[in-house]
Amino acid sequence: MRDDIIEIRWHGRGGQGAITAAKIVANAAFTSGYSGVVMAPTFGTERRGAPVLTSLKISKNKIYDLSPITEPDMVLVLDHLLVEEVDVAAGLKPGGLIIINSPRPPETFNFPGMKIATADVTTMSANAGLPTGIVNTGIIGAFAKASGLLDMDTLAGAIEAEFAGKNPEKNAEAARMTHAHTLIGEA
């Protein structure tokens, strides 16, 4: 990863909350001292269940480049089935990080030269008491563990702030549980 700007691309399905997850991480990054934070959701013909993506850039300095991310440092995948549908690793820098919501271990994914992290976010989120399929807050826990960029307590606080009045404790618990069960490996 470059020292100046960290570029993160989020892949999900319409309705999974990839944009909300990126927003939560953006807010936590800002409160953690990253004064440059740019989030750029991609809107098109999205519909519930269709592949969607959003981009997040964070930096300790102001970001002037608002262009879309073409060479991310890391990629988060909210649905492991997207790996078969979309080239989630497109443009990922050599040695980049791919974080996947999957019950499978990292070594079962074929991304040569990349760092892979997996967590069964779907199960962890359900165990935390969230409705089936709500994975956007859980994936934040995997992000915290695999990237090491932001601490779990800061992210949990940002989750609770985002979901005030809408199960903030359950959403934060989904992230904490996922953090504890994230596996990190090499492809």
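Which residue forms a salt bridge with lysine 93, the closest N and O atoms being 3.0 Å apart? I looked, and the partner is aspartate 73. I count a salt bridge when a side-chain nitrogen of Lys or Arg is within 4 Å of a carboxyl oxygen of Asp or Glu.

**Ground rules.** This is a predicted model, where local features need pLDDT of at least 70 and side-chain atom pairs count only at pLDDT 80 or more, while totals for chains, interfaces and linings use all residues. Residues are numbered from 1 along each chain as its sequence is written, and side-chain values use heavy atoms, with hydrogens and water left out.

**Entry 1, lysine 93.** I placed the pair first: lysine 93 lies in the loop between H2 and E5 and aspartate 73 in the loop between strand E3 (51–59) and strand E4 (74–77), so the bridge ties together parts 20 residues apart in sequence. Helices (H or I, at least four residues) and strands (E, at least two) are DSSP runs, numbered from the N terminus. Lysine 93 counts as buried at 16% relative accessibility, and aspartate 73 is buried at 4%. My cut-offs are under 20% relative accessible area for buried, over 50% for exposed and partly exposed in between (1.4 Å probe, protein chains only).

Lysine 93 also bridges to glutamate 7, with the closest N and O atoms 3.8 Å apart. Glutamate 7 sits in strand E1 (residues 6–13) and lysine 93 in the loop between helix H2 (82–85) and strand E5 (97–101), so this pair ties together parts 86 residues apart in sequence. I noted that glutamate 7 is buried too. Shared partners join Glu7, Asp73 and Lys93 into one salt-bridge network.

The search of the whole structure finds seven salt bridges. One of them pairs lysine 23 with glutamate 162 (3.2 Å, N to O). It links helix H1 (residues 18–31), which holds lysine 23, to helix H5 (residues 152–162), which holds glutamate 162, 139 residues apart. Lysine 23 is partly exposed at 37%, and glutamate 162 is partly exposed at 25%.

I defined a nonpolar core as a set of buried Ala, Val, Leu, Ile, Met, Phe, Trp, Tyr and Cys residues joined through side-chain atoms within 4.5 Å. The largest has 39 residues, and Trp10, Ile99, Phe143, Leu150 and Leu155 have the most contacts inside it. H1 gives the most to this core, with eight residues. A separate core has 13 residues, among them Val75, Val77, Ile100 and Phe109.

I then checked what tryptophan 10 touches (heavy atoms within 4.5 Å). Leaving out residues up to four places away in sequence, the list includes Ala18, Val25, Leu56, Leu76 and Ile139.

A pocket, on a 1 Å grid over the protein atoms alone, is an open set of points where a 1.4 Å probe fits, with protein on both sides within 12 Å along at least five of seven lines; lining residues have an atom within 4 Å of a point. The largest pocket has a volume of about 160 Å³, that is, the space filled by probe spheres set on the points. Its lining includes Gly15, Thr20, Leu130, Phe163, Lys166 and Asn167.

One of these, asparagine 167, has phi near 60°, a positive value in a residue other than glycine. Most residues other than glycine have a negative phi. Asparagine 167 is in the loop between H5 and helix H6 (168–180), partly exposed at 39%.
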